[in-house]
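Biologist: Please show the model, and then let us go through it by question and answer.

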Amino acid sequence: MDPLTLMAVGTGVQILGGWYSNMQQAQAERENQAYYLEQEKYAMESARRAERLAGFEYAYKIGNQVGAYAASGIDTGSGSAAITIGGSIANEISEVAAIRRKGEMDMRLARLRANQSGRTADTVGSAGYNLMQGLTTGLGNYAKSEGFGSWNSGRTGITDKYPGYGSGYGSAGASYTDFTDVA
C-alpha cells in the first residue's frame, strides 16, 4: 500500500476516534450538568433547612433568656437584660443572613458549573467543532506526509524516500553527498 493511502486511512481512523471521544465527552458533560443542577436544588434546600434550625435555636435561646429574667423579676425592657436579649436577636439576624448568603453562593456556583458543562457539551458535540477538528487533523497529517514533500520536487538534495510515491530525503538514487552539499 502506498504511503498516501496509509496516511489517508490513518487520518480517517484518527478523525473517527476523535469524533467518538468528543461524543463521549459531550455525554459526560451532560451528566455533569444534570448533577450540578441537582446540586443547585440541594444547596437551596440545605440553606432553608439551616435557616429554620438557626431560627429555632435562637427562638429557644431568647425564650430561655426572657423566661429567666421574668422568673427573677428583672425588667427585660431595659438595662443589661435588654442588651443581652437584643444581642441574641442581632446574632440571629446575622446568622440567618450568613446562611442565606452561603446558600446563594453555593447555588450560584452549582448553576455556573452546570452552565459551563452545558456549553462544553454543546461545543464538543457540535458537527462544526468536529468537522474543524477533523480538517485540522487531516491537514496536519498531510503536512507530515510524503504528499506534502512532493511539492519540493526538483529541489537540489531532495529525492524520493519511497521511489515513485513523492519527494523526500533518503530515497533510492540519492547519495550521502546530496545531503551534505546542500547550502
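Biologist: Which element of the protein chain has the lowest mean pLDDT?
Modeller: The protein chain has a mean pLDDT of 84, with 77% of its residues at 70 or more. Over residues 170–176, pLDDT stays under 50, and the model has 13 contacts beyond four places in sequence for them. Where pLDDT is low, the predicted coordinates should not be read in detail. Helix α2 (residues 79–124) has the highest mean among the elements, 96, while the lowest, 50, belongs to helix α5 (residues 176–180).

Biologist: Is L131 buried or exposed?
Modeller: L131 lies in helix α3, which spans residues 127–144. The cut-off for exposed is over 50% relative accessible area. L131 has a relative accessible area of 53%, so this residue is exposed.

Biologist: How much accessible area do L131, M132 and L135 have together?
Modeller: These three residues, L131, M132 and L135, form a nonpolar patch on the surface. The accessible area of L131, M132 and L135 together is about 320 Å².

Biologist: What share of the 183 residues in the protein chain is buried?
Modeller: Buried means under 20% relative accessible area. By that cut-off, the buried share of the 183 residues is 23%.

Key
Residues numbered from 1 in each chain as written. Predicted model: local features only at pLDDT ≥ 70, side-chain atom pairs only at ≥ 80, totals over all residues. Heavy atoms only, no water. Patch = residues over 30% accessible without salt bridge, like charges linked within 9 Å, V, L, I, M, F, W, Y side chains within 5 Å. Areas by Shrake-Rupley, 256 points an atom, 1.4 Å probe, with all protein chains shown as cover. Salt bridge = Lys/Arg side-chain N within 4 Å of Asp/Glu carboxyl O. Helix = DSSP H or I, 4+ residues; strand = E, 2+ residues; numbered from the N terminus. Buried < 20%, exposed > 50% of the residue type's maximum accessible area, 1.4 Å probe, protein only. pLDDT = per-residue confidence, 0-100. Contact = heavy atoms within 4.5 Å.
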